[in-house]
Structure formats: structure tokens, C-alpha cells
Amino acid sequence: MSKRVYNFSAGPAMLPEEVLREAAEEMLDYRGCGMSVMEMSHRSKVYDRIIKEAEADLRELLGVPANYKVLFLQGGASSQFAMVPMNLMKNRVADHIVTGQWAKKAYQEAKLYGKANVLASSEDRTYSYIPDCSDLPVSPDADYVYICENNTIYGTKFKTLPDTKGKTLVADVSSCFLSEPMDVTRYGLLFAGVQKNVGPAGVVVVIVREDLVTEDVLPGTPTMFKYKIHADNESLYNTPPAYGIYICGKVFKHLLGRGGLPAMKEYNEKKAAKLYDFLDGSKLFSNPVEPRDRSMMNVTFVTGDEELDARFVKEATANGFENLKGHRSVGGMRASIYNAMPMEGVEALVEFMRRFEGSV
Ligand SMILES: *Cc1c(COP(=O)(O)O)cnc(C)c1O
């Protein structure tokens, strides 16, 4: 038997063990088909059921209204940095709130297609907080307001959505997707690269309001980058990332079985509180972000001494706590505690941190 570690990676990240076991069982022969889902035609009846069921389960989990399309695309979350402006920047004006590196990358990409404005930013304090977005200077001709809702690298999250003054809200929700309930109707479009909380890297889920899916896209937009072509073909315009979608489908069912998103929220809040409470009481470790903006998924911490940070990461790894090193741009440590990280993993980490603190 192989030994599984507590993997605190920001992504690709842990998946539910039950899902991995089920996939392993079905690897050579998917439910009597005599072939793996990896080998199957995406036009087959069997695969059609897999993708339709995945969509239906996701709609149920998140309460996606009927006037929203659910698309399973490829190219990861980063492809959306271009796909969003190509499809939605009708006036060639987009307002961006820059709260971290992913938000900044999306902003820089949008500039390739039109006028991208920075409405607010937290770059002045290394993205350690979410700016006040209650009264933003939204551009009268903006096609949309763009946010990255949970900042994976810095460990911050929008607890209230910005007031977009009637403009369409577009959100990158990659690292908080399905961690708690969300009101889809507040968004014109949201997307999530699934490797943070849902499935294998490469797949990106896009949920977009029907009226935003039109033929009226920027000139030169490649066919594969049009939402409409994928919406019209129910994500089967070309060969989709079929195996990845199959695993996502299993994760959706797994989450429904655990009581859905309200139950996940409760569980995730407990895990995050365990870690933040420890950090707040610690004399060695501290969490460098504004407390009210703390992410429930990505918990960053530092000792204030780079050498000690490195020693901590090394000793943690030796003890079965993997990938605790912070993002290369910020240093320190980061524990990503997505849905599939069990409470026991967080408890064991806190215990290990307590012992480490006592030993230095
Ligand atoms: C990881 C991440 C991305 C990039 O995802 P890719 O699938 O690698 O393109 C974008 N946005 C956020 C918030 C992320 O956490």
C-alpha cells in the first residue's frame, strides 16, 4: 500500500481519496465498456452521459440558474484572461481590480485588446489586503468589472463583491470555487481552473449568462476562443479534456454526497479557523494579511526570518507535510487547505507547527 501525504499545494492540489480510488477501479474498464474513459470517443453515448451528468451535478451544487451556460473548456484559467476580453470587450473598455498576480496578469492581457483601467489595487502593500470597493470610479463605458475573487498566492479573498454600479461582474474564482455557496446571479461570467479545488489541471469551468454569449466578438477571435461555439456545441465542439471532465464529475458527486456547498463551507471554516487561531496565538508564526480579508483556502504565514522559514519547510516535508513553501514571488509559507484537505491534516500541521515553535 502506498502512503499518502498531506499535500498543501496551491495547485494541482489534493483530490478526494474516494474519487481517486473509484477512478482507479474504472481505469481499465469503465462500467463494462471494456475501455478506459481516456480511450473513449467523446461522441459516444457513454461519454455523453458522463459530461451531461457532470454539468447537471455542478448546476445542482452551485444552483446555476437556467439562463447561465456551463462550459467545460481547456487551456486552464489563464486562457480566460484572453477569452474574456475577446468575447466581452464590445466597447473595448474593461475595469480591473488588481489584488494579486493572477489579477494583474488578467489586466495585462486585457490591455492587448482595448483600454483596461485599474479601478483599485492593493499592490502598494504587496497585495496583503482587499481594497475598499464600495464606491469605485467605474467607467461609464466599461464592458465589465473584473476581479480575482480569491488570491491564491497572497491568501486574501473578497468577502463582499465590489459595487460595479450596474456593470457586468467577471470573476476568476479558481481557488475558491465550490468551497462555499455563491450567488451566481451576481456575476455575468465566472471561471475556475479546476486544479485548485475540483480536478485535474487543464480543464477550466466557465459559467456565463446567456445574453453575454454572442457572435459579436472582437475581430480576429479564433473559433476556439468563442464562448458561443462551445455553448452551441455543449462543450463538444472539438475533443474536450474528456478524462479531466470525468474526474470533475466525480468530485461534483462527492461534494453533493457530503451535503453540498453549505456543508463544505462549514467544514472549510473550521479548518481555516484552526490554522488562523493558532497563527494568532503564536509567538513565532504570523499571518501577513489583513484579518478581515483572510482566505479560507490559502493560508499564508511567516516567521520573519527567511532561514527559519526554509528550515520549517524542510522539516515539515520530512514529516509528511508537503508543498508548504510560499509562492516564489512572496516567500514564507502557504498552506492551501482546499475541500479535499481533511481536518486531520490541518490538526496535524498545527501540532507540528506547535512543536517546531517549541524547538527554536
Ligand atoms: C492557479 C490560478 C490561475 C492559473 O491557472 P492555470 O490553469 O494554470 O492557467 C489563475 N487564477 C487563479 C486565481 C489561480 O489560482
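Student: Which residues are buried in helix 9?

Tutor: Met 343, Gly 345, Val 346, Leu 349, Val 350, Phe 352, Met 353, Phe 356 and Glu 357 are buried in helix 9. Buried means under 20% relative accessible area, exposed means over 50%, and partly exposed lies in between, with a 1.4 Å probe and protein chains only. Helices (H or I, at least four residues) and strands (E, at least two) are DSSP runs, numbered from the N terminus.

Student: Where do these numbers come from?

Tutor: This is a predicted model, in which local features need pLDDT of at least 70, side-chain atom pairs count only at pLDDT 80 or more, and totals for chains, interfaces and linings use all residues. Residues are numbered from 1 along each chain as its sequence is written, and side-chain values use heavy atoms, leaving out hydrogens and water.

Student: What covers the buried residues of helix 9?

Tutor: The cover includes strand 1 (6-7), strand 11 (298-301), strand 12 (321-322) and strand 13 (333-336), along with helix 7 (260-281) and helix 8 (306-318). Contact means heavy atoms within 4.5 Å.

Student: How do helix 8 and helix 9 cross?

Tutor: Their axes come within 11 Å and cross at roughly 130°. That makes helix 8 oblique to helix 9. Angles under 35 degrees count as roughly parallel, over 145 as roughly antiparallel, 65 to 115 as roughly perpendicular, and the rest as oblique. Axes are lines fitted to C-alpha atoms, for helices over the stretch in contact, and angles run from 0 to 180 degrees between N-to-C directions.

Student: Which residues make the contact?

Tutor: From helix 8, Leu 308, Arg 311, Phe 312, Glu 315 and Ala 316; from helix 9, Leu 349, Phe 352, Met 353, Phe 356 and Ser 359.

Student: New topic: at what angle do helix 1 and helix 6 cross?

Tutor: The axes of helix 1 (residues 17-25) and helix 6 (residues 242-257) cross at roughly 135° and come within 10 Å. Helix 1 and helix 6 are therefore oblique to each other.

Student: And Ala 24, is that buried or exposed?

Tutor: Ala 24, in helix 1, counts as exposed because its relative accessibility is 51%.

Student: How many residues lie between Ala 24 and Gln 195 in sequence, and how far apart are they in space?

Tutor: They are 171 residues apart in sequence and 18 Å apart in space, C-alpha to C-alpha.
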